[in-house]
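The following report sets out selected features of one protein model. The sequence and structure come first, and the findings follow by topic.

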Amino acid sequence: MEWKHFLVEIRDQVARITINRPPVNTLSRDALIELGSILDQLEKDPSVRSLILTGAGEKTFSAGADVSEFGGMGDREQAEGFLKQIHDLFDRIENFPKPVIASINGKALGGGNELQMACHLAIAADHAEFGLPEVRLGIMPGYGGTQRLPRLIGQRRALEIMLEGKRISAQEALEIGLVNKVVPAERLAEEAFEWAKQLAEGPPVAMKGIIQSVINGSRKELPEGLKVERENMLAVMRTEDAIEGVAAFFSKRKPSFKGK
């Protein structure tokens with residue numbers, strides 16, 4: 001399908017979703033609704049086993065929310081509904097049953113940074129920048145940043161970044177655990193695709209189980225988290241992919257996973 005705010009390409013079981021809202025790839029309400037529809041299609045598509053989320057151009061992943069829309073948020077009920085809608089979308093990305101890699105091609109600010117934090121993994125170009133500068137506008141992060149950033153990098157570092165509205169470099173983001181990898185800008189697209197392709201070759205049911213166990217289990221106390229892991233492990237053990245994986249190990253061959 002043709003999309004208004006995104007470009008979607010599927011190749012070798014990898015879906016590449018590009019935010020296509022020049023010049024800075026803002027996340028308007030319409031764009032976020034459209035992203036939800038894209039996820040609906042890709043979740044149901046058995047030919048897609050991993051996703052890449054990136055921004056158009058070479059300078060900006062996403063500058064975040066479309067600030068021009070804030071003027072219509074004076075009504076508390078309307079604003080609460082809008083924020084709930086975004087929280088649900090980002091939570092869905094975090095719980096998506098297929099691996100989602102953020103490929104950060106430039107600035108990831110405000111809602112753009114919150115979007116990449118909702119992805120499972122992140123790779124950044126060496127010139128990328130990250131920040132939650134909302135405090136400088138007299139507001140605060142509202143797309144999940146106050147919750148996900150401390151969970152990723154620790155409370156004190158997260159408070160420093162948000163209270164100062166400071167930006168950090170790709171290298172610092174790597175050092176504090178905000179991203180997994182940093183690569184030269186000219187290699188970003190290729191590196192992200194190869195990483196996503198490698199994940200796409202893995203067992204889909206087991207990967208779904210890992211994602212669910214980590215995301216859902218980490219929100220609970222350890223005994224409850226272990227129960228989540230146990231339930232997912234029992235489900236994965238009964239799959240055809242598990243049988244294939246063990247057989248391939250003993251036969252010293254590469255397994256062929258079918259997602260069953």
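## Cavity and its lining

The lining of the largest cavity consists of seven nonpolar residues, with no polar and no charged ones. This is a predicted model, and a search of the whole of it finds one cavity of 30 Å³ or more. The space within the largest cavity comes to about 50 Å³.

The residues that line the largest cavity are I17, L35, L39, L51, L53, I93 and V100. At least two of the lining residues come from α1 (29-44), and at least two from β3.

Strand β5 spans residues 100-104, and five of its five residues are buried. Burial applies to both faces of β5: V100, A102 and I104 are buried on one side, and I101 and S103 on the other. V100 also belongs to the lining of the largest cavity.

Two parallel pairings involve β5. Strand β3 (residues 50-55) is joined to β5 by four bridges, and the two run parallel; within this pairing, I52 stands opposite I101. Strand β7 (residues 121-125) is likewise joined to β5 by four bridges in a parallel arrangement, and here I104 has A124 of β7 as its bridge partner.

## The β1–β2 hairpin

Strands β1 (residues 6-11) and β2 (residues 14-19) run antiparallel and are joined by six bridges. I10 stands opposite A15 in β2. The hairpin has two residues between its strands, and D12 takes a positive phi near 55 degrees there.

D12 is found in the loop between β1 and β2 and is partly exposed, its relative accessible area being 42%. I17, which lines the largest cavity, falls within the residue range of β2.

## Backbone features between β2 and α1

Most residues other than glycine have a negative phi, and most peptide bonds are trans. Against that background, two sites in the loop between β2 and α1 deserve mention. One is N25, located in that loop, which has a positive phi of about 55 degrees although it is not a glycine. N25 is buried, with a relative accessible area of 1%.

The other is P23, also placed in the loop between β2 and α1. The peptide bond leading from P22 to P23 is cis, with omega near 5 degrees.

## Aromatic pairs

The structure holds three aromatic pairs. In one of them, the ring centres of F90 and Y143 lie 6.0 Å apart and the ring planes stand at 90 degrees; because an angle over 60 degrees counts as edge-to-face, the pair is assigned to that class. F90 is in helix α2 (residues 76-94), whereas Y143 is in the loop between β8 (129-131) and α4 (145-153), so the contact ties together parts that are 53 residues apart in sequence. F90 is buried at a relative accessible area of 0%, and Y143 counts as buried at 5%.

Another pair is formed by F249 and F250, whose ring centres are 5.3 Å apart and whose planes stand at 80 degrees, so this pair is edge-to-face as well. F249 and F250 are both exposed. F82, F90 and Y143 together form one aromatic cluster.

## Charged groups over aromatic rings

Which residue lies over the face of F193? R11 does, at 4.0 Å from the ring centre. R11 falls within the residue range of strand β1.

The ring of W195 has the charged end of K181 over it, 4.0 Å from its centre.

## Two loop residues

E134 lies in the loop between β8 and α4, the loop that also holds Y143. Is E134 buried or exposed? E134 counts as buried, with a relative accessibility of 11%.

P46 is placed in the loop between α1 and β3. P46 is exposed, with a relative accessible area of 71%. The C-alpha atoms of P46 and G259 are separated by 8.5 Å, although the two residues are 213 apart along the chain.

Conventions
Residues are numbered from 1 along each chain as its sequence is written. This is a predicted model: local features need pLDDT of at least 70, side-chain atom pairs count only at pLDDT 80 or more; totals for chains, interfaces and linings use all residues. Side-chain values use heavy atoms; hydrogens and water are left out. Rings of Phe, Tyr and Trp (its six-membered ring) pair if their centres lie within 6.5 Å; planes under 30 degrees apart count as stacked, over 60 as edge-to-face and the rest as tilted. Buried means under 20% relative accessible area, exposed over 50%, partly exposed in between (1.4 Å probe, protein chains only). A charge sits over a ring if NZ of Lys or CZ of Arg is within 6 Å of the ring centre and within 35 degrees of the ring normal. Two strands pair if DSSP finds at least two bridges between them. On a 1 Å grid over the protein atoms alone, a cavity is a set of points where a 1.4 Å probe fits but cannot get out, and a pocket is an open set with protein on both sides within 12 Å along at least five of seven lines; lining residues have an atom within 4 Å of a point. Grid points are joined across faces, edges and corners, and a volume is the space filled by probe spheres set on the points. Ala, Val, Leu, Ile, Met, Phe, Trp, Tyr, Cys and Pro count as nonpolar, Asp, Glu, Lys and Arg as charged, and the others, Gly among them, as polar.
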